[in-house]
Amino acid sequence: MVSDPRLVFVLSPYQNAFFFEIAEALAAALHANSIDAIVVTEPQSHDPASGDVFVLLPPHEYVTLEGTAFVDDPQVAARTVGVSAEQPHQRFFSHNAQIAGALAAVFDFSQLAVEAYRAHGVDADRLAFGHVPTWDGFAQTTRDVAVLYFGNQRPRRLSVLAGAADALVRHDARLLISDSGEPNRSTSPAFVAGEHKRTLLGRTELVVNIHQSDEPYFEWLRMIDAAHGEAAFVSEPSVADEPFVAGEHYLTFETDTLGTRLDELVGDARAADVARRAHELVASMPLTDTVAPLISCAGHIVATSPVPTALPPRVRSAPIGRLRVDPVPHAQWSPGTIDSLRDRARRPIQLLPDGATWRVDPGDVINRFAGYEAVAVGASGRDAGGQPTLEGLWPWEPWRLIHGQHLGRVMCVAPSLYRAARRWLGGEPWADVLPHLAVQVFAAAHGLELTHWSAPIVDLGDTPADPDAQLEPAVAGRVATILQP
């Protein structure tokens with residue numbers, strides 16, 4: 001007798017939070033179809049049952065983090081499905097395709113990706129994503145975030161944003177730019193997940209989407225996120241977007257016209273209408289229905305492949321990449337009652353590279369962040385190769401200082417903090433030429449909380465922009481020593 005299938009989503013605890021969201025949504029949709037589903041992060045502790053079908057989401061990330069055992073064991077691989085969400089032009093895609101060839105089946109949310117898999121000789125199928133009840137209901141009548149970009153810092157994306165810098169500042173855009181070199185495992189100052197993301201989207205008017213490369217890949221899951229929050233999705237033209245229709249369910253802009261398009265759309269009732277139609281369309285596509293191909297596939301696998309006696313263990317004991325733990329403060333400093341940005345008698349010190357100019361009155365910065373001793377702000381300019389880009393991407397995350405990144409060259413600093421930082425680091429030769437770094441290191445060592453305005457409110461002029469904010473190795477070593485004595 002063939003057992004009913006049970007879908008076992010196998011994830012590493014060190015994977016991106018986004019994939020846990022997807023796994024939980026799929027599991028809930030399966031439950032609604034009377035199909036058992038669970039999420040496990042310790043596969044070696046799971047006792048395989050006769051109906052178990054295992055799901056790697058996505059295959060490349062699990063294998064990168066936890067090794068190739070799921071692929072190397074033919075009996076396990078024959079009971080394993082890969083579900084991916086990668087763009088065909090990205091390096092992760094070819095890795096997924098290589099892994100998928102050894103698995104029982106592979107699905108992707110994009111038809112374009114499915115066709116690319118098939119071109120690689122992998123018999124992939126589409127798993128359309130749909131409405132998730134727990135992702136809905138966060139929409140607000142009043143939208144206090146006019147423009148939102150949330151995505152990684154790929155150079156093409158930064159270039160398009162930099163080209164629209166004036167409009168981004170006019171509309172006080174919120175830019176949540178996350179690192180893509182390592183998994184983002186939870187909500188942080190530069191990354192949102194779960195209810196934090198749903199709440200933010202529910203407050204947002206326009207969500208900006210920029211392709212990572214020249215390939216016009218439709219950002220399926222970002223579109224689904226925006227639609228759940230009834231935020232208008234504003235994207236570069238895309239292909240394989242069915243059933244969404246450009247102009248009807250999302251809005252488009254050409255690469256060099258983002259700023260003009262934002263000026264047209266912010267506050268425009270047409271954008272709200274498009275967002276409403278997108279929400280209605282997604283609501284008509286419940287994930288409980290669109291998950292049907294995965295259910296059918298699981299039933300076939302259970303009927304044709306023996307269940308393995310055990311699952312291979314994970315191999316990783318710590319997150320991949322940098323340790324995102326802020327330095328422990330080891331000194332004390334009190335700014336006093338009037339020594340903050342609100343102290344008008346002594347105007348805050350402005351730290352700008354030579355030739356840089358403000359797009360806003362610096363007084364606006366001071367007023368907005370009056371209760372802080374310092375604020376770092378975003379800036380736009382051109383990189384060493386002459387391409388438009390952004391600088392000052394990262395919010396106040398002191399752990400970056402330990403790993404050789406500064407947190408923006410453009411700052412407004414209360415005079416008392418500036419003087420204290422320079423005195424404290426007086427023996428460091430770099431403190432004179434990198435005053436912004438001196439302030440940041442002092443703040444981190446003394447447990448101060450600085451803040452960040454992400455819109456590019458400064459034009460760097462002829463000074464080359466530094467999107468990666470990397471410190472010279474010798475300076476980075478000294479900073480790490482100071483912060484971890």
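Reply: A definition comes first: Ala, Val, Leu, Ile, Met, Phe, Trp, Tyr, Cys and Pro count as nonpolar, Asp, Glu, Lys and Arg as charged, and the others, Gly among them, as polar. Sorted in this way, the lining of the largest pocket holds 17 nonpolar, 13 polar and 13 charged residues. Please keep in mind that this is a predicted model.

Me: Which residues are the closest to the centre of the largest pocket, and what volume does this pocket have?

Reply: The largest pocket has a volume of about 1,000 Å³. It is lined by 43 residues, of which N16, F18, F19, E86 and N152 are the closest to its centre. Two or more lining residues come from each of α1 (17-32), α2 (59-66), α5 (91-100), β7 (145-152), β8 (174-178) and α10 (220-228).

Me: What lines the second largest pocket, by residue class and by element?

Reply: This second largest pocket, with a volume of about 530 Å³, has 27 lining residues, and R174, L176, P189, P395 and H452 are the closest to its centre. The classes in its lining are 15 nonpolar, 7 polar and 5 charged, while β8, α9 (194-202) and β17 (451-459) each supply at least two of the lining residues.

Me: What makes a space a cavity and not a pocket?

Reply: A cavity is a set of points where a 1.4 Å probe fits but cannot get out, whereas a pocket is an open set. The structure holds 2 cavities of 30 Å³ or more. About 50 Å³ of space lies in the largest cavity, and its lining, which includes W394, W396, M411 and Q440, has 7 nonpolar, 3 polar and no charged residues. The second largest cavity contains about 40 Å³ of space, and among the residues that line it are L175, I177, E391 and S454. To that lining β17 gives the most, with 3 residues.

Me: Why are α17 and α19 called roughly perpendicular?

Reply: The axes of helix α17 (residues 415-424) and helix α19 (residues 435-445) cross at roughly 90° and come within 9 Å. Angles of 65 to 115 degrees count as roughly perpendicular, and α17 and α19 are therefore roughly perpendicular to each other. Where these helices meet, L417, Y418, A420, A421, R422 and W424 of α17 face P435, A438, V439, V441, F442 and A445 of α19, and the residues of this contact divide into 11 nonpolar, no polar and 1 charged.

Me: How do you know which word describes the arrangement of α10 and α12?

Reply: The axes of α10 and helix α12 (residues 269-283) come within 8 Å and cross at roughly 105°. With 65 to 115 degrees as the range for the term, that angle makes α10 roughly perpendicular to α12. M223, I224, A227 and H228 in α10 meet A278, H279 and V282 in α12, a contact of 5 nonpolar, 2 polar and no charged residues.

Me: What makes β2 and β6 the edge strands of their sheet?

Reply: The open sheet has 6 strands in the order β2-β1-β3-β4-β5-β6, with parallel pairing. Both β2 (36-40) and β6 (125-126) pair on one side only, and they are the edge strands.

Notes:
Residues are numbered from 1 along each chain as its sequence is written. This is a predicted model: local features need pLDDT of at least 70, side-chain atom pairs count only at pLDDT 80 or more; totals for chains, interfaces and linings use all residues. Side-chain values use heavy atoms; hydrogens and water are left out. On a 1 Å grid over the protein atoms alone, a cavity is a set of points where a 1.4 Å probe fits but cannot get out, and a pocket is an open set with protein on both sides within 12 Å along at least five of seven lines; lining residues have an atom within 4 Å of a point. Grid points are joined across faces, edges and corners, and a volume is the space filled by probe spheres set on the points. Helices (H or I, at least four residues) and strands (E, at least two) are DSSP runs, numbered from the N terminus. Axes are lines fitted to C-alpha atoms, for helices over the stretch in contact, and angles run from 0 to 180 degrees between N-to-C directions. Angles under 35 degrees count as roughly parallel, over 145 as roughly antiparallel, 65 to 115 as roughly perpendicular and the rest as oblique. Contact means heavy atoms within 4.5 Å. Two strands pair if DSSP finds at least two bridges between them.
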